[in-house]
Amino acid sequence: MAEEQFVVFQLGKEEYCVPIHQVREIIKYKGATKMPGSPKHVEGIINLRGKIIPVIDLAVKFGTVVKDGERQALIIELGAQNAGVVVDLVSEVIRLPDTAIEAAPTQAADGRTYIRGIGKTGDRLLILLELANLVDGAELSVIAAAS
């Protein structure tokens, strides 16, 4: 039986996860420098050890409540780019067998599928995100210009 490892994080009351092989690191989020003309959910850019990294706030992107207080950022691989994804809290790394992952029942209003599937472990449901679909072409150009 095949299985995958995922990084689990929280946004509001929901739990999401992304494949661990796409996560470069997890940092404490201290804010970003705003970029003029960027979409609302693109927080801006940060300087991470000399590299400029664009930052996306998933709570804003998904229309959920933005948590007050300390938050974290996953530095992820987004194609050839690295990007920061701001989340409320990274909670754990888990392994899910393929048999515990079901197909995604919904897609976003813009026609893109952000959700790869639903992971089931015990009585928990984890939303598996499709990172490649989180941003569109216009957003990618803002990200590329920032790097």
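## Salt bridges in the predicted model

Glutamate 15 is buried, at 17% relative accessibility. Buried means under 20% relative accessible area, exposed means over 50%, and partly exposed lies in between (1.4 Å probe, protein chains only).

This is a predicted model, in which local features need pLDDT of at least 70 and side-chain atom pairs count only at pLDDT 80 or more, while totals for chains, interfaces and linings use all residues. Residues are numbered from 1 along each chain as its sequence is written, and side-chain values use heavy atoms, without hydrogens and water.

The whole structure holds 10 salt bridges. Each one is a side-chain nitrogen of Lys or Arg within 4 Å of a carboxyl oxygen of Asp or Glu.

One of them joins glutamate 15 to arginine 124, at 2.9 Å from N to O. Arginine 124 sits in strand S11 (residues 124–129) and glutamate 15 in strand S2 (residues 14–19), so the bridge ties together parts 109 residues apart in sequence. Strands here are DSSP runs (E, at least two residues), numbered from the N terminus. Glu92 joins Glu15 and Arg124 in a network of salt bridges.

Glutamate 25 pairs with arginine 49, with the closest N and O atoms 2.3 Å apart. Glutamate 25 belongs to strand S3 (residues 23–29), and arginine 49 to the loop between strands S4 (42–48) and S5 (51–57), so this pair links parts 24 residues apart in sequence.

Arginine 71 and aspartate 88 also form a salt bridge, at 3.3 Å from N to O. Both residues are buried.

Some other partners compare as follows.

| Residue | Relative accessibility | Class |
|---|---|---|
| Arginine 124 | 25% | partly exposed |
| Glutamate 25 | 23% | partly exposed |
| Arginine 49 | 63% | exposed |

Note on methods: Helix = DSSP H or I, 4+ residues; strand = E, 2+ residues; numbered from the N terminus.
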